Amino acid sequence: MRIVVEGRNLPGRSFEGRDDVHVALQVGRDPEAPVPGDAASARWEVEVRHVDGDFRGPAVHGPRGQRFLYLTWGEPGGDGAWEMFRRAKLVLSGLDGSLLEPAERPGGALRCTVDLTDERGGPRCARVDPPAVAWSVTSG
């Protein structure tokens, strides 16, 4: 199944002495498609397998029954290194089954819309719960 993560309300490029803040989807240990913290929005797409009630794939983290996607906050280094300083969890386990079935159909996708700025104005981290995150199904 395809999952589309759409980030909105990014917190800016500066945070606690950092001046080149970016956010990326974490695939394995690596940031994928970093987006500057002052961008108008962010978007990532990832393929995830949903098998026997479990989520699997290179972008899926956590033990069975507690799966999630990570958004990683960091600064890209000149040598290609990623200096991560925060992560946010987008929890997959426990999603409403009425979302999963249509998302798994051809042309369907699970959409996650997430507010990337926390209540103090910084990069959102830890487990992201509603209303800061919303899951829906999209087609096409």
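The legends below describe close-up views of a predicted model. Local features need pLDDT of at least 70 and side-chain atom pairs count only at pLDDT 80 or more, while totals for chains, interfaces and linings use all residues. Residues are numbered from 1 along each chain as its sequence is written, and side-chain values use heavy atoms, with hydrogens and water left out.

**View A. The largest nonpolar core.** This core has 35 residues; a nonpolar core is a set of buried Ala, Val, Leu, Ile, Met, Phe, Trp, Tyr and Cys residues joined through side-chain atoms within 4.5 Å. Buried means under 20% relative accessible area, exposed over 50%, and partly exposed in between (1.4 Å probe, protein chains only). Those with the most contacts inside the core are I3, V5, L69, L71, L90, L110 and W135.

**View B. The salt bridge of D54 and R64.** A salt bridge is a side-chain nitrogen of Lys or Arg within 4 Å of a carboxyl oxygen of Asp or Glu; the count comes to 15. The D54 and R64 side chains meet at 3.1 Å, N to O. D54 lies in strand 6 and R64 in the loop between strand 7 and strand 8, so the pair ties together parts 10 residues apart in sequence. Strands are DSSP runs (E, at least two residues), numbered from the N terminus. D54 is buried, at 2% relative accessible area.

**View C. The salt bridge of R86 and D118.** The N to O distance is 3.6 Å. R86 and D118 are both buried.

**View D. The salt bridge of R105 and E101.** These side chains meet at 3.2 Å, N to O. R105 is partly exposed at 46%, and E101 is exposed at 51%.

How values were computed. Helices (H or I, at least four residues) and strands (E, at least two) are DSSP runs, numbered from the N terminus.
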